[in-house]
Amino acid sequence: MFLQTLDILGTIAFTISGVSVAMNKKMDPFGVLIIAFVTAVGGGTLRDILIGVTPVTWMTNMTYVYVIFAATVFTVAFKRKINYLRTSLLLFDSIGIGLYTVVGIEKGLSAGLHPFICISLGTITACFGGVIRDILSNEIPVIFRTKEIYATACILGGITYFLLRQLPIDDNVVFMIAGAVVISVRLIAVKFNISLPNLYKNDPNRSV
Amino acid sequence: MFLQTLDILGTIAFTISGVSVAMNKKMDPFGVLIIAFVTAVGGGTLRDILIGVTPVTWMTNMTYVYVIFAATVFTVAFKRKINYLRTSLLLFDSIGIGLYTVVGIEKGLSAGLHPFICISLGTITACFGGVIRDILSNEIPVIFRTKEIYATACILGGITYFLLRQLPIDDNVVFMIAGAVVISVRLIAVKFNISLPNLYKNDPNRSV
Amino acid sequence: MFLQTLDILGTIAFTISGVSVAMNKKMDPFGVLIIAFVTAVGGGTLRDILIGVTPVTWMTNMTYVYVIFAATVFTVAFKRKINYLRTSLLLFDSIGIGLYTVVGIEKGLSAGLHPFICISLGTITACFGGVIRDILSNEIPVIFRTKEIYATACILGGITYFLLRQLPIDDNVVFMIAGAVVISVRLIAVKFNISLPNLYKNDPNRSV
């Protein structure tokens with residue numbers, strides 16, 4: 001129940017982020033809805049396709065469809081007010097990637113895959129909704145462009161998950177600690193402006 | 001037989017639209033062929049992947065491959081003449097989305113999915129060939145940019161389909177009426193220049 | 001063993017090409033790794049999804065993951081030196097597409113598909129890693145833009161494969177000859193600057 005609530009919060013956060021991007025691109029109402037939808041379910045869809053879980057998850061659980069539709073209508077209606085929510089959004093978004101990461105890992109384990117592959121699947125679940133959103137909006141995906149700690153938080157949470165599974169700890173506790181690591185790493189990195197190392201520091205052709 | 005003929009006409013219309021976009025981008029012959037191909041089969045391919053029907057449909061029925069190949073060669077050869085066909089093209093394209101919408105819905109029903117998901121699958125089948133065409137051509141997909149009634153026609157046809165299924169009407173008749181709704185909505189919207197509501201009317205940051 | 005070695009060489013070549021594109025776009029370390037990864041495995045992944053082989057191949061064989069990771073780190077570290085390898089790169093890349101083409105064809109045959117579809121799958125395996133790399137980097141895919149002989153080499157190799165299978169020749173020999181045709185066509189085309197015919201020669205609207 002608690003996890004379900006967090007999952008819904010994560011879905012809402014991703015939906016709002018999709019609506020914002022689509023409206024900045026002046027898309028029509030149908031475009032806004034589609035971009036919101038793929039931002040929220042794109043990562044899980046790609047994960048399901050890669051491991052062969054079909055029909056993909058959102059097709060067999062209408063809750064996601066209703067939540068995304070309602071969140072899209074709400075965000076479009078209150079767009080100018082939504083900026084006040086910016087801090088809450090970062091929190092929801094971080095909860096979203098934390099939860100999606102662990103869900104993706106567990107789907108990989110169910111399919112009997114190697115821990116590295118499971119961590120990749122967790123990261124795909126958390127991050128590729130945003131990647132597909134950016135491709136459809138004709139942008140280089142934001143997680144490739146900025147040096148922000150985003151996918152890295154997912155990977156660290158994934159490593160935590162597999163380390164803790166070696167210990168005699170209840171599975172649900174492992175789930176929550178790993179998710180908390182993703183969320184904490186992301187929030188701490190934003191708060192203290194920590195970023196990935198710059199590959200281009202000593203590059204004589206540096207253009208920026 | 002009649003439906004098969006319409007399906008082929010739809011495939012030809014989508015192929016011609018793909019060739020036109022690719023040639024405007026000055027792509028090489030191989031690029032033109034690929035763009036024509038994904039425009040014609042991309043929507044159905046995404047639908048099949050999402051519901052787990054593999055190998056995807058066009059791989060197990062060579063008719064599509066031959067038709068697309070022939071239509072591509074013909075369109076490239078007679079490019080300058082093809083502009084005279086513009087009105088017929090709109091008709092074929094509308095027949096194409098009408099038919100593809102209903103085919104997608106029926107595939108969703110076979111997979112035991114919720115009516116909303118079936119309508120989404122119908123819309124994906126009809127519209128995502130064009131979306132993939134635009135992504136490969138490095139454009140924001142045209143159905144997201146314009147306020148034209150396109151996906152909306154598919155959705156209205158899909159709703160009609162499920163309403164009629166409640167009545168004691170033969171399945172083939174339901175199929176044809178729903179397809180006719182898609183086609184009519186599309187043609188009437190083009191004729192009378194009807195569009196989706198503008199989300200940005202009162203937006204102080206409006207850039208256009 | 002010999003084929004496995006060639007496969008690894010091909011994977012390394014594709015990884016290096018992905019890293020080069022990503023670093024030219026000034027992507028962050030995570031973006032560079034992802035682009036390298038999709039360049040190396042993207043074509044095979046799309047092939048597996050289309051025919052329903054899931055979990056996709058790289059998820060069940062960790063060798064690819066380790067090789068791509070090591071090749072990415074190496075290429076980033078020695079980026080300025082890697083330009084000296086340019087000639088070897090063309091060779092590796094050509095070996096890569098030759099091998100990937102035949103592997104794709106054989107996967108299609110295992111799925112019981114028509115020879116034309118098998119040749120398409122071989123071409124997809126060889127070429128679509130680069131296509132996905134370019135889409136993620138927000139470029140029109142390079143194989144659609146240039147008139148270079150690339151996909152054409154794969155198609156010619158595929159035709160050779162099916163012609164030779166009519167003869168009483170050992171399967172492994174057919175495999176190697178078809179791969180050699182892809183590699184030779186590609187290298188000869190580069191050496192003698194042979195290209196696809198220009199579709200736009202007599203076009204009055206020609207912009208270039």
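I take helices (H or I, at least four residues) and strands (E, at least two) as DSSP runs, numbered from the N terminus. I note that this is a predicted model, in which local features need pLDDT of at least 70 and side-chain atom pairs count only at pLDDT 80 or more, while totals for chains, interfaces and linings use all residues. Residues are numbered from 1 along each chain as its sequence is written, chains are lettered from A and ligands numbered from 1 in the order in which they are written, and side-chain values use heavy atoms, with hydrogens and water left out.

**Entry 1. Cis peptide bonds**

I began with Pro55(B), which I located in the loop between H2 and H3 of chain B. The peptide bond that joins Thr54(B) to Pro55(B) is cis, with omega about -10 degrees. I then turned to chain C, where Pro55(C) sits in the loop between helix H2 (29-51) and helix H3 (57-60). There, the bond from Thr54(C) to Pro55(C) is cis, and I read omega near -10 degrees.

**Entry 2. Positive phi**

I recorded as background that most residues other than glycine have a negative phi, and most peptide bonds are trans. Lys26(A), not a glycine, has a positive phi of about 60 degrees. I placed Lys26(A) in the loop between helix H1 (2-24) and helix H2 (29-51) of chain A. For exposure I use relative accessible area with a 1.4 Å probe and protein chains only: buried is under 20%, exposed is over 50%, and partly exposed lies in between. Lys26(A) is partly exposed because its relative accessible area is 23%.

Asn193(C) belongs to the segment after helix H10 (171-191) of chain C. Its relative accessibility is 68%, so Asn193(C) counts as exposed.

**Entry 3. Chain A as a whole**

I counted ten helices and zero strands in chain A. Chain A has 208 residues, of which 50% count as buried. For contacts I require heavy atoms within 4.5 Å. Among contacts in chain A between residues at least 6 apart in sequence, 73% join residues at least 24 apart.

**Entry 4. The interface of chains B and C**

I found 29 residues of chain B in contact with 34 residues of chain C.

I looked next for polar links between the two chains. A salt bridge needs a side-chain nitrogen of Lys or Arg within 4 Å of a carboxyl oxygen of Asp or Glu, and the count between chain B and chain C is zero. A polar contact is a pair of N or O atoms within 3.5 Å; within protein, one must be able to donate a hydrogen and the other to accept it, and residues adjacent in sequence count only if both atoms are side-chain atoms. By that rule I found one residue pair in polar contact across this interface, both at pLDDT 80 or more.

The elements of chain B that give two or more residues to the side touching chain C include helix H1 (2-24), helix H4 (62-77) and helix H7 (115-136). H2(B) supplies the largest share of that side, eight residues. I class Ala, Val, Leu, Ile, Met, Phe, Trp, Tyr, Cys and Pro as nonpolar, Asp, Glu, Lys and Arg as charged, and the others, Gly among them, as polar. The side of chain B that touches chain C then has 19 nonpolar, six polar and four charged residues.

**Entry 5. Cysteines**

I applied the disulfide rule, a pair of cysteine sulfur atoms within 2.5 Å, and the count over all chains is zero. Cys127(C) is in no disulfide, and the nearest cysteine sulfur, that of Cys154(C), is 4.0 Å away. Cys127(C) counts as buried because its relative accessibility is 2%.

Gly96(B) is part of helix H6 (residues 86-110) of chain B, and at 0% relative accessibility Gly96(B) counts as buried. Leaving out residues up to four places away in sequence, I found that Gly96(B) touches Gly10(B) and Phe14(B).

Thr101(C) is in helix H6 (residues 86-110) of chain C and counts as buried, at 0% relative accessibility. Beyond its neighbours within four places in sequence, Thr101(C) is in contact with Gly122(C), Ala126(C), Cys154(C) and Val182(C). I also noted that the C-alpha atoms of Thr101(C) and Gly157(C) are separated by 7.7 Å, with the residues 56 apart along the chain.
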